[in-house]
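Q: Please take a close look at one part of this model, the sheet and the covalent link that involves one of its strands. How are the strands arranged, and what does the link tie together?

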Amino acid sequence: MGKRRLALCAGVLTVTAFGPAACAADGGDVSVVPAAPVPGADIALRVTGCDAREAVAQSPALVSDARLTPDDGDGLAGDGRVRSTVTAGTYTVTVACDGTEHKGTVEVVRKQAPAAGAEPSAHPSPVAPVNAGGGGAARVFADGRERHGPGAAQTVVALALAGTAALTVHRAARRQARRGRGTG
């Protein structure tokens, strides 16, 4: 199982186990796990009482709308991500389903400041380009420097090769012309 699917299944299990309490805490039939995420965190969303095959959850706290699809229970589930720039507070999560609007809330909490001298175990997003082909070009562009055109050495070599090719073609043409005149 992938990490995302495993997290979603764990979230659905938690919602199923604590469903009534989570719905009561959220003030609706839309639940969010974890109920108090930090900015940038992944969350699992679930709505009950919706007979549609799919729905969309919207909230100003989310990076984008979350697509909800049928889960193993009697509802729809999906996952989303809390905006990394959102401030701490309570945000409404709205799911439009079969003409009915289902609501819940998510309480975004402040990120905990790391203890003095503690280093984060992992970065929340990539911090360096990936060496994925291009002959290492990603590192050149990551530096912010752009290189335009060939340098002086490449220009001299190209001109020498072009001159040699032109001279070879010219000699071959002269040789062929001499042979042509001598046979007539």
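A: In this predicted model, strands β6 and β7 run antiparallel and are joined by nine bridges; one of the residue pairs involved is Ala96, whose bridge partner in β7 is Glu101. Both strands belong to an open sheet of seven strands, in which the order is β1-β2-β5-β4-β3-β6-β7 and the pairing is antiparallel. At the edges of this sheet lie β1 (30-33) and β7 (100-108), each of which pairs on one side only, and neighbouring strands are turned against each other by 25 degrees on average, with direction ignored. As a general point, the strands of a sheet pair through backbone hydrogen bonds, in either a parallel or an antiparallel manner.

The covalent link can now be placed within this arrangement. A search of the whole structure finds one disulfide, and this disulfide joins Cys50 to Cys97, with an S to S distance of 1.5 Å. The link of Cys50 and Cys97 is right-handed, with 85 degrees about the S-S bond. Because Cys50 lies in the loop between β2 (42-48) and β3 (55-58), while Cys97 lies in strand β6 (residues 89-97), the pair ties together parts that are 47 residues apart in sequence.

As for accessibility, buried here means under 20% relative accessible area. Cys50, at 6% relative accessibility, therefore counts as buried, and Cys97, at 3%, counts as buried too.

Terms used:
Residues are numbered from 1 along each chain as its sequence is written. This is a predicted model: local features need pLDDT of at least 70, side-chain atom pairs count only at pLDDT 80 or more; totals for chains, interfaces and linings use all residues. Side-chain values use heavy atoms; hydrogens and water are left out. A disulfide is a pair of cysteine sulfur atoms within 2.5 Å. Helices (H or I, at least four residues) and strands (E, at least two) are DSSP runs, numbered from the N terminus. Buried means under 20% relative accessible area, exposed over 50%, partly exposed in between (1.4 Å probe, protein chains only). Two strands pair if DSSP finds at least two bridges between them. Axes are lines fitted to C-alpha atoms, for helices over the stretch in contact, and angles run from 0 to 180 degrees between N-to-C directions.
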